[in-house]
Amino acid sequence: MADLADYAAAFSLSLDPAQLAQFRRYSELLREWNQRINLTAIDAPAEIEIRHFLDSLTVATATGDLSDRRLIDVGTGAGFPGLALKILYPAMALTLVDSVAKKTRFLEAVAAELGLSDVTILAERAETVGRQPAHREQYDWAVARAVAALPVLVEYLLPLCRAGGSALAQKGESAPREVSEARTAIGLLGGGEPILHPVKLPGRDETHYLVVIPKVATTPAAYPRSPGRPAKKPLGR
Ligand code: SAM
């Protein structure tokens, strides 16, 4: 994956040969498992490299170095962005959450095969994890890509952030609109003023956004509501 190193360098992120070998193996495992369980619609190696790996790594342009930080990735699917960030920053403490057990079995296989340590994998719903003392308000960063509209997503992410930590959502062109729709929810959950970081991937016209929401106050005990409730009745909508 020589190209991935070049693409990452354009974002001031550096990958050594061992990390590139880990990404190569991750890509092979993704394509192997994808024949048996539905992990991704993106199957060509060059597309996996840009639309999964590089897109995940761009999160680091907003977070900075995540070594020794605690990060939780909610609705991680096949590990994006969390597992890709773990390869970039091996000293990061990572928790991956997805409600689908078939997907978390894939994540366990990748973490074992790549020799990654300090990875916790939970086959649970975000709403359940957000109420568990081991996870509630414990993370420097709670991140997600392609999981839910922002008014719903903030109810998954903000309860997991410690005071002074941040939620980060990877969003497409709809980010500015979603931010305005999520303002009431953000306020109720203890979030502060969102900051939008635009990102452009090589060869793509559309702008992506990293939406960073600082955690400025404790989340009230009422949130997150029970599983399914945030999506059914988004806060403030
Ligand atoms: N983040 C990955 C990516 O960008 O490739 C996966 C995106 S996939 C479209 C959404 C994932 O979120 C699915 O794997 C789904 O099982 C998970 N998900 C959706 N709602 C969830 C919830 N409330 N708690 C945990 N996982 C959830």
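**View 1. Trp33 and Phe106 are both buried.** Buried means under 20% relative accessible area, with exposed over 50% and partly exposed in between (1.4 Å probe, protein chains only). The model is predicted: local features need pLDDT of at least 70, side-chain atom pairs count only at pLDDT 80 or more, and totals for chains, interfaces and linings use all residues. Residues are numbered from 1 along each chain as its sequence is written, and side-chain values use heavy atoms, leaving out hydrogens and water.

**View 2. Aromatic pairs across the structure number 6.** Rings of Phe, Tyr and Trp (its six-membered ring) pair if their centres lie within 6.5 Å; planes under 30 degrees apart are stacked, over 60 edge-to-face, the rest tilted. Phe23 and Phe53 make a tilted pair, 4.9 Å centre to centre with 50° between the planes. This pair links distant parts of the chain, 30 residues apart: Phe23 in helix 2 (residues 17–34) and Phe53 in helix 3 (residues 45–57). Helices (H or I, at least four residues) are DSSP runs, numbered from the N terminus. Phe23 counts as buried because its relative accessibility is 0%. Phe53 is buried too, at 0%.

**View 3. Trp33 and Phe106 pair edge-to-face.** Their centres are 5.5 Å apart, with 65° between the planes. Trp33 lies in helix 2 and Phe106 in helix 6 (residues 101–113), so the pair ties together parts 73 residues apart in sequence. Ring pairs join Trp33 and Phe106 with Phe23, Tyr26, Phe53 and Phe80 in a cluster.

**View 4. Arg36 lies over the face of Trp33.** Arg36 is 4.8 Å from the ring centre. A charge sits over a ring if NZ of Lys or CZ of Arg is within 6 Å of the ring centre and within 35 degrees of the ring normal.

Definitions and conventions. Helix = DSSP H or I, 4+ residues; strand = E, 2+ residues; numbered from the N terminus.
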